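User: I would like to learn how to read a structure feature by feature. Please take me through one.

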Amino acid sequence: DEVKVLIKNYPDEIQFQEILADLYGYNKQGELAKKTLLDIIKNDPTAGGANLKMAKVAILEKDIAASIQYARVAFAVKEHPIDSKMELMFIYFDYSNSHPEILPQLEELASILALIHQEDAKGYSVYGDVLNTENKFAEARAQYKKAVAITPSKHLIWQEILSIDARLSDYDALIADSEKCLSLFPTIPSFYYFNGIGHHQKKQYAQAIEALEAGVTLVIDDKQASGQFYAALGDAYNGIGNNKRSDDNYDQALKLNPDDSYVLNNYSYFLSLRGDKLQKAKEMAERVNKLNPNTPSYQDTYAWILYKLQEYQEAKSWLDKALAGGGNS
């Protein structure tokens with residue numbers, strides 16, 4: 001009743017009408033709330049608050065197309081705060097998990113946010129999230145970098161940047177970006193891991209080992225992460241020809257994660273190249289093929305080990321399987 005008096009005395013103040021719509025909602029008078037919001041939009045189609053609220057109403061009515069249309073208008077209103085828009089974007093994201101066909105529309109909404117709220121990292125971050133979900137990795141990375149240029153302290157965004165560097169095999173960028181991260185977040189293990197991977201891929205094994213040895217000491221109560229560090233150290237020590245340290249790290253990785261196919265395959269292959277511990281290599285190769293049947297690269301490794309053991313007929317059989325499965329290397 002008080003709000004209705006305010007509306008009567010100040011008919012041009014949209015905020016009072018929006019409050020009335022909220023109060024109708026709180027009192028479970030949904031139709032009156034909706035009518036009030038639609039009246040606001042009829043009088044002012046660009047009313048950011050009313051369009052945003054109608055976008056939420058449309059979601060409750062399971063009309064996503066209408067919701068997104070209202071959101072387009074609301075997102076373009078700079079005066080309306082970004083946080084309430086982000087709340088709506090998260091709802092759309094959840095919906096897109098089962099309805100990926102709306103991702104192009106989410107990309108459009110995110111681009112509006114980034115354009116309208118250029119001073120806020122959130123807009124660039126959510127834009128990057130949408131592009132990343134669409135597998136537009138280079139474009140996503142560009143948006144994430146805009147976000148951290150505004151707010152460098154967002155370590156989760158940096159994590160996405162490094163993941164994309166690695167996915168794109170852009171190892172120069174991976175090294176450079178991870179070094180920035182290490183200066184900002186010297187106690188986060190994953191940044192040492194990415195730095196080590198970047199150096200390893202550039203065959204800079206000493207730098208890789210330095211980063212990985214530093215990072216593994218920071219991992220606490222996480223077998224998966226520790227295993228990844230030891231696996232990478234196994235690769236790096238193999239790169240400099242330190243077979244004992246390589247084997248020790250692979251053994252440690254398998255102690256933590258006995259079914260790690262990557263380690264089982266690499267470890268067994270490197271042993272076979274050296275002609276060392278071939279029976280152990282054979283057992284690991286057998287295990288990885290049981291875990292991953294019909295995988296040509298793993299079949300090829302097993303065949304090579306059998307060849308080294310002079311089990312030629314069996315080796316040929318496994319090579320035939322690899323070829324039949326598409327392994328045309």
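User: Is Pro 81 buried, partly exposed or exposed?

Analyst: First, the ground rules. This is a predicted model, in which local features need pLDDT of at least 70 and side-chain atom pairs count only at pLDDT 80 or more, while totals for chains, interfaces and linings use all residues. Residues are numbered from 1 along each chain as its sequence is written, and side-chain values use heavy atoms, with hydrogens and water left out. Now the classes: buried means under 20% relative accessible area, exposed means over 50%, and partly exposed lies in between (1.4 Å probe, protein chains only). Pro 81 has 47% relative accessibility, so Pro 81 is partly exposed.

User: Where is Pro 81 found?

Analyst: Elements come from DSSP: helices are H or I runs of at least four residues, strands are E runs of at least two, and both are numbered from the N terminus. Pro 81 lies in the loop between helix 5 (64–75) and helix 6 (82–96). Its C-alpha is separated by 18 Å from that of Leu 37, which is 44 residues apart along the chain.

User: How are two packed helices described?

Analyst: By the angle between their axes and the distance between the axes. Axes are lines fitted to C-alpha atoms, for helices over the stretch in contact, and angles run from 0 to 180 degrees between N-to-C directions. Take helix 14 (residues 223–239) and helix 15 (residues 243–256): their axes come within 7 Å and cross at roughly 160°. Helix 14 is therefore roughly antiparallel to helix 15. The cut-offs are under 35 degrees for roughly parallel, over 145 for roughly antiparallel, 65 to 115 for roughly perpendicular, and oblique for the rest.

User: What is the handedness of the crossing of helix 14 and helix 15?

Analyst: A crossing is left-handed if the near helix is turned anticlockwise from the far one by less than a right angle, and right-handed if clockwise. The crossing of helix 14 and helix 15 is left-handed.

User: How many salt bridges are there?

Analyst: The rule asks for a side-chain nitrogen of Lys or Arg within 4 Å of a carboxyl oxygen of Asp or Glu. By this rule there are 22 salt bridges. One of them pairs Lys 122 with Asp 120, with the closest N and O atoms 3.6 Å apart. Lys 122 is partly exposed at 34%, whereas Asp 120 is buried at 18%.

User: Which parts of the chain does the pair of Glu 213 and Arg 245 link?

Analyst: The side chains of Glu 213 and Arg 245 meet in a salt bridge (3.2 Å, N to O). The pair links distant parts of the chain: helix 13 (residues 205–216) holds Glu 213 and helix 15 holds Arg 245, 32 residues apart. Glu 213 is partly exposed at 26%, and so is Arg 245 at 35%.

User: What about the salt bridge of Arg 287 and Asp 259?

Analyst: Here the N to O distance is 2.3 Å. Arg 287 sits in helix 17 (residues 278–291) and Asp 259 in the loop between helix 15 and helix 16, 28 residues apart. Arg 287 is partly exposed at 38%, as is Asp 259 at 43%.

User: Which residues do salt bridges that share partners join into one network?

Analyst: Asp 247, Arg 274, Asp 276 and Lys 277.
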